[in-house]
Amino acid sequence: MHYLPFAVLPDPDIKPTHYLIQDYDLSYLPGAAFLLDKSPKTGSSGRMLALAPEASHLEYARQEVRGLSALFPNGSKILVDRSPTKSAFFGNAPQFDYFHL
């Protein structure tokens, strides 16, 4: 998934083709460790939506998103197993500042 450009994912509900980059500022990190701040802060001031779909077959995905949620004291939402659907993502996305996919 590191090579998938999320900025060009289309929104199938908007015609003609409408891309995420047209509505959101997207940033990429090579790993979640970059979210860790070495200063004495307790976490990010933003809100995070984290997804760990069952179909990903990633052994530690659920643990990873639960651990990341602790870095966002102002709010995070975790969708795991069958909960992270496309409609769930688009329905929740406007409420969050950061996404972990």
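Mentor: The chain exposes about 7,400 Å², with carbon and sulfur atoms supplying 56% of it; the areas come from the Shrake-Rupley method with a 1.4 Å probe, and for residues only the protein chains shown count as cover. This is a predicted model, where local features need pLDDT of at least 70, side-chain atom pairs count only at pLDDT 80 or more, and totals for chains, interfaces and linings use all residues. Residues are numbered from 1 along each chain as its sequence is written, and side-chain values use heavy atoms, leaving out hydrogens and water.

Trainee: How do you know what pattern the chain follows along the sequence?

Mentor: Take DSSP runs numbered from the N terminus: helices are H or I, at least four residues, and strands are E, at least two. That gives two helices and three strands, in the order β-α-β-α-β.

Trainee: Why is the pair of F89 and F90 called edge-to-face?

Mentor: Rings of Phe, Tyr and Trp (its six-membered ring) pair if their centres lie within 6.5 Å; planes under 30 degrees apart are stacked, over 60 edge-to-face, and the rest tilted. By this rule there are two aromatic pairs. F89 and F90 have ring centres 5.4 Å apart and planes at 75 degrees, so edge-to-face it is. Ring pairs link F89, F90 and F99 into a cluster.

Trainee: What makes F89 buried or exposed?

Mentor: Buried means under 20% relative accessible area, exposed over 50%, and partly exposed in between (1.4 Å probe, protein chains only). F89 has 13%, so F89 is buried. F90 has 25%, so F90 is partly exposed. Of the 101 residues, 26% count as buried.

Trainee: What makes the largest nonpolar core a core, and which residues are in it?

Mentor: A nonpolar core is a set of buried Ala, Val, Leu, Ile, Met, Phe, Trp, Tyr and Cys residues joined through side-chain atoms within 4.5 Å. The largest has eight: M48, A50, A52, A61, V65, L68, F72 and V80. β1 and α1 (61-69) are the elements giving two or more residues to this core. Apart from it lies another core, of seven residues, including L49, L79, A93 and F96.

Trainee: Which residues does A61 touch, not counting those up to four places away in sequence?

Mentor: A61 touches A52 and S56 on that count, where contact means heavy atoms within 4.5 Å.

Trainee: How do you know whether Y19 is buried, partly exposed or exposed?

Mentor: Y19 has a relative accessible area of 35%, so Y19 is partly exposed. Y19 lies in the segment before β1 (48-53).
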